[in-house]
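Dear colleague,

Please find below the structure that I am handing over to you. My notes on what was found in it follow directly after.

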Amino acid sequence: MLVQILDRNVGITQDQRDHIDRCLQFAFDRFSSHLRTIDISFADVNGPRGGEDVQCRMMIGLLHDERVIVVEGKGVSVEAIVAETTDRAVTAVSRRLDRLRDSQGTSMSGQ
């Protein structure tokens, strides 16, 4: 599983990058044999105005599925939005893998 972190004007520190990587590795460990890539990008959408200005977009590529899972969120801090987006992404990956298993089982039983 390849993890790529892209910073678009947020100013993510090395400690935050390490935290993001650990968080993703831990959250997706049970799916690691099914994942190809996780691309996570951060953008400052409000500039100096403040508020919920950190946007996080996670794009997850599965090994046996052409479609990419995309999960987005906004928050005040990088750490908070990573946790929230990761939780939603894990749910989305689990559902997609369940659907893939179900469709493979259906096509096999119809033969």
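Setting aside neighbours within four places in sequence, S41 is in contact with L6, R8, Q55, C56 and R57, where contact means heavy atoms within 4.5 Å. S41 is found in strand β2. With a relative accessibility of 13%, S41 counts as buried (buried means under 20% relative accessible area, exposed over 50%, and partly exposed in between, with a 1.4 Å probe and protein chains only).

The model is predicted: local features need pLDDT of at least 70 and side-chain atom pairs count only at pLDDT 80 or more, while totals for chains, interfaces and linings use all residues. Residues are numbered from 1 along each chain as its sequence is written, and side-chain values use heavy atoms, with hydrogens and water left out.

Overall architecture

The protein contains two helices and four strands; these are DSSP runs numbered from the N terminus, helices being H or I of at least four residues and strands E of at least two. From the N terminus on, the order of elements is β-α-β-β-β-α. Of its 111 residues, 33% count as buried. The accessible surface of the protein is about 6,800 Å², and carbon and sulfur atoms hold 48% of that surface (Shrake-Rupley method with a 1.4 Å probe; for residues, only the protein chains shown count as cover).

The sheet

The four strands form an open sheet with mixed pairing, in the order β1-β2-β3-β4; two strands pair if DSSP finds at least two bridges between them. Its edge strands, each pairing on one side only, are β1 (2-8) and β4 (68-75). On average, neighbouring strands of this sheet are turned by 15° against each other, direction ignored (axes are lines fitted to C-alpha atoms, for helices over the stretch in contact, and angles run from 0 to 180 degrees between N-to-C directions).

Strands β1 and β2 run parallel and are joined by seven bridges, with V3 opposite I38 in β2. Strand β3 (residues 54-62) pairs with β4 in the antiparallel sense over eight bridges, and M58 has V71 in β4 as its bridge partner. Helix α1 (residues 14-28) packs on the sheet and touches β1, β2 (35-44) and β3, its direction making about 140° with that of β1.

In the loop between β1 and α1 lies N9, a residue other than glycine whose phi has a positive value, near 65°. N9 is exposed, at a relative accessible area of 71%.

Salt bridges

The structure holds five salt bridges, each a side-chain nitrogen of Lys or Arg within 4 Å of a carboxyl oxygen of Asp or Glu. One of them pairs R57 with E72, the closest N and O atoms being 2.3 Å apart. Because R57 lies in strand β3 and E72 in strand β4, this pair ties together parts that are 15 residues apart in sequence. R57 is partly exposed at 34% relative accessible area, and E72 is partly exposed at 33%.

D65 forms a salt bridge with R67, with 3.6 Å between the closest N and O atoms. D65 also takes part in a salt bridge with R96, where the closest N and O atoms are 2.8 Å apart. R96 lies in helix α2 (residues 78-109) and D65 in the loop between β3 and β4, so this pair ties together parts that are 31 residues apart in sequence. Both R96 and D65 are buried. Salt bridges that share partners join D65, R67 and R96 into one network.

Yours sincerely
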